[in-house]
Amino acid sequence: MRIIRAKDYEEMSRKAANVISSVLTLKPACVLGLATGSSPVGTYRHLVSRFERGDLDFSRAVTVNLDEYRGLDRENSQSYYSFMNSHLFSKVNISRTNTYIPDGTEPDSEKACGEYDRILERAGQIDLQLLGIGHDGHIGFNEPSDRFEMGTHCVRLAEMTIEANARFFSCREEVPTEAYTMGIGTIMSARRVLMVASGADKAGIVKKAFRGSVTPAVPASILQMHRDFILIADEAALSELDA
Ligand code: F6R
């Protein structure tokens, strides 16, 4: 595992965009695994400005997102589809038919997850998977558990995750309690995994995940076993790791 230090959120975002830009430049038809949440917003902003300058071309890229809330349709402003649309897809020359996100409107979870696994299989190996980290160590929506799930599955979100995500909704009751998420097996099979982490509130979990033992009770800890895992984090998020 490699740790790249950044002064703050802005520098973290720039450095993460550098890594993604290099993948896209060297392999224009790459498969990018994408994440939502606050952590990658700055990264997407940098990718968009590089595209606007003419330095990046997304026309042949395929993207697969980690997760989607169960029960939210694409038009819902809190869906992860809407998030991706407003932060990246609508601002670069990616072909919409090459962007994939689990179907939150499919009530049959087996069907939704099976279909997403088939999409992932057709897309081929993910060249770079971008991740954030939840306060309980979740990646995608793989919450702490007694085993690592391999494929796409339906999860009940942990109370801590619902609390953390409530900031995006008008009230806590509106936060969906379930989501479809890519499995740990799929994340681990990506050629390269890039995590962005920022802020003092992530310091404790960053230390637990990357200095503690590998356990499904801290899902991100499995990344210690990945052969090309890069953590780009700011000083605040690394403060306990350094201590
Ligand atoms: C979102 C996702 C989640 C977030 C995590 C951290 O697609 O997969 O694992 O990365 O909840 O969220 P932020 O970045 O908002 O702290």
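A residue is called buried when its relative accessible area is under 20%, exposed when it is over 50%, and partly exposed in between, with a 1.4 Å probe and protein chains only. By this criterion Cys113 is buried, at a relative accessible area of 6%, whereas Cys171 is partly exposed at 32%. The structure is a predicted model, in which local features need pLDDT of at least 70 and side-chain atom pairs count only at pLDDT 80 or more, while totals for chains, interfaces and linings use all residues. Residues are numbered from 1 along each chain as its sequence is written, and side-chain values use heavy atoms, with hydrogens and water left out.

The cysteines may be considered further. A disulfide is taken as a pair of cysteine sulfur atoms within 2.5 Å, and a search of the whole structure finds zero of them. Cys113 is accordingly in no disulfide; its nearest cysteine sulfur belongs to Cys154 and is 6.0 Å away.

Attention now turns to the sheet. Strands (E, at least two residues) and helices (H or I, at least four) are DSSP runs numbered from the N terminus, and two strands pair if DSSP finds at least two bridges between them.

Strand β8 (residues 178–181) is joined to β4 by three bridges. Along this antiparallel pair, Asp67 stands opposite Thr181, and Tyr69 has Ala179 as its bridge partner. The antiparallel pairing of β7 with β8 extends over four bridges; in β8, Glu178 is the bridge partner of Arg156.

On a 1 Å grid over the protein atoms alone, a cavity is a set of points where a 1.4 Å probe fits but cannot get out, and lining residues have an atom within 4 Å of a point. Grid points are joined across faces, edges and corners, and a volume is the space filled by probe spheres set on the points. The structure holds one cavity of 30 Å³ or more, and the largest cavity has a volume of about 30 Å³. Residues lining the largest cavity include Ile20, Leu32, Tyr44, Phe58 and Thr63. Both β2 (31–34) and α2 (41–52) supply at least two residues of that lining.

Conventions: On a 1 Å grid over the protein atoms alone, a cavity is a set of points where a 1.4 Å probe fits but cannot get out, and a pocket is an open set with protein on both sides within 12 Å along at least five of seven lines; lining residues have an atom within 4 Å of a point.
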